[in-house]
Amino acid sequence: MHRISASADVFHVIADPTRRAILDTLTAGERPARDLGAPFRISQPAVSKHLAVLRKAGLVSHREEGGMRIYRLEATALHEVFDWVRHYEKFWDIKLQTLGRYLDGRKGRKL
């Protein structure tokens, strides 16, 4: 049986909605830490903890600039998650094809 393994650490890290939102923000480019915390109703120390978790997982990196930490997305670490999810894509395709055939068969019928 072929089984694709994925790091439980990365899955745990991206399970948090705040961390996913931070990653989403960084897809648009580098941002200072203070900007990354602005949309959330959490303290700056809480944002710093989220960023530390993301750094430890290899999902973000930072550089110092004028006393600020500027963060960037390190998407390579997400390849493992992508590969794991891709393994299940064939099941989605089968379900979508089945749904498509069902809907095609219902065309012209009143609901």
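The questions below ask how labels were assigned in this predicted model.

Residues are numbered from 1 along each chain as its sequence is written. Local features need pLDDT of at least 70, side-chain atom pairs count only at pLDDT 80 or more, and totals for chains, interfaces and linings use all residues, while side-chain values use heavy atoms, with hydrogens and water left out.

Q: Why is L99 called partly exposed?
A: Buried means under 20% relative accessible area, exposed means over 50%, and partly exposed lies in between (1.4 Å probe, protein chains only). L99 has a relative accessible area of 43%, so the label is partly exposed.

Q: What makes W84, Y88, F91, W92, I94, L96, L99, Y102 and L103 a nonpolar patch?
A: Patch residues have over 30% relative accessible area and no salt bridge; like charges are joined within 9 Å, and nonpolar side chains (Val, Leu, Ile, Met, Phe, Trp, Tyr) within 5 Å. These residues form such a patch on the surface, with about 930 Å² of accessible area together (Shrake-Rupley method, 1.4 Å probe, only the protein chains shown counting as cover for residues).

Q: Which helix gives the most to the nonpolar patch?
A: Helix 6 (residues 89–106) does, with seven residues; L99 is found in helix 6. Helices are DSSP runs of H or I, at least four residues, numbered from the N terminus.

Q: Why is the pair D83 and R86 called a salt bridge?
A: The term requires a side-chain nitrogen of Lys or Arg within 4 Å of a carboxyl oxygen of Asp or Glu. For D83 and R86 the N to O value is 2.9 Å, so the pair qualifies. D83 and R86 are three residues apart in helix 5 (residues 79–86), which means about one helical turn separates them.

Q: How do you know that D35 and R34 also meet in a salt bridge?
A: Their N to O value is 3.8 Å, so it falls within the cut-off. At 36% relative accessibility D35 is partly exposed, whereas R34, at 51%, is exposed.

Q: What links E30, R63, E65 and R72?
A: They are linked in a network of salt bridges. E65 and R63 form one of them, with the closest N and O atoms 2.3 Å apart.

Q: Which residues touch the most other members of the largest nonpolar core?
A: I22, L51, L54, L59 and Y71 do, among 18 residues. Such a core is a set of buried Ala, Val, Leu, Ile, Met, Phe, Trp, Tyr and Cys residues joined through side-chain atoms within 4.5 Å.

Note on methods
Helix = DSSP H or I, 4+ residues; strand = E, 2+ residues; numbered from the N terminus.
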